[in-house]
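Hi,

Here's the structure I promised you.

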Amino acid sequence: MKFTKTLIKGKLIKRYKRFFADIKLDKEIVTAHCPNTGSMKGLLDEGNEVFISKNNDPKRKLKYTLEIIKVKKNLVGVNTHFANKIAYHGLSKNLIKEVSNTNSIKPEVFFNKETRFDFLVKKNEQKIFVEVKNVTLFRDEKIAEFPDAVTSRGSKHLKALIEAIKKGYKSYLLFLVQIQGVENFKIAKDIDEEYFKNFVLAKKAGVNFIAYRCKINSKEIKIEKRIKIID
């Protein structure tokens, strides 16, 4: 996924009310839209280098959007709206080896009245659900983690992926790691023990878990390589 315009470098002052971030540019302070409703744990230290995009659409209240934060020398993509675009690009370009050479890819497909998965992929006669989780947490320089806060929605998706298997679908959960340089991934059991329990149950039931790290720079974010899921 390429950025349509060159990103602007600045320094983070603070994020507040979930959707706002004050950014110091060379000669001014601007307020940017923060397209991430999560906790953004570990990313929000004052003075962190950030990259923001600018949009001159007169209908927009905020002209800037927070896109990337630099933490511990690692670039982190924080725009959760891009996660599915990055995943779709990866699926369509065969960058995700486990779900490659597919016949069709449909985004945002309802499994039942309560649950919608990010993608329904067809490969030959097999129907495959792919759910994407955006990952931005790393407390160790080489290990990405999910979730960064308690996620009842995440647990609901795990249970639904198990139900999908029972109905003949193949189920994948893709942890999309928007963190440059990490080599491993794990579930943050200490943050959400219930999610970890459901992760274990889903794994036993046959849900396929994969983690892919992204290549991140000020021009594009795209899937780069698979990383190992560790205990």
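Below is what turned up, starting with how to read the model.

This is a predicted model, so local features need pLDDT of at least 70 and side-chain atom pairs count only at pLDDT 80 or more, while totals for chains, interfaces and linings use all residues. Residues are numbered from 1 along each chain as its sequence is written, and side-chain values use heavy atoms, with hydrogens and water left out.

(A pocket is an open set of points on a 1 Å grid where a 1.4 Å probe fits, with protein on both sides within 12 Å along at least five of seven lines; lining residues have an atom within 4 Å of a point.) Of its 32 lining residues, Thr37, Thr80, Lys133, Asn134 and Arg153 are the closest to the centre. Two or more lining residues come from each of α1 (83–92), β8 (116–123), β9 (126–135), β11 (143–146) and α2 (152–166). Helices (H or I, at least four residues) and strands (E, at least two) are DSSP runs, numbered from the N terminus. Which strand gives the largest share of the lining? That's β9, with five residues.

The peptide bond from Phe146 to Pro147 is cis, with omega near 0 degrees, and Pro147 sits in the loop between β11 and α2. Lys72 isn't a glycine, yet has a positive phi of about 50 degrees; look for Lys72 in the loop between β5 (64–71) and β6 (74–77).

Happy exploring!
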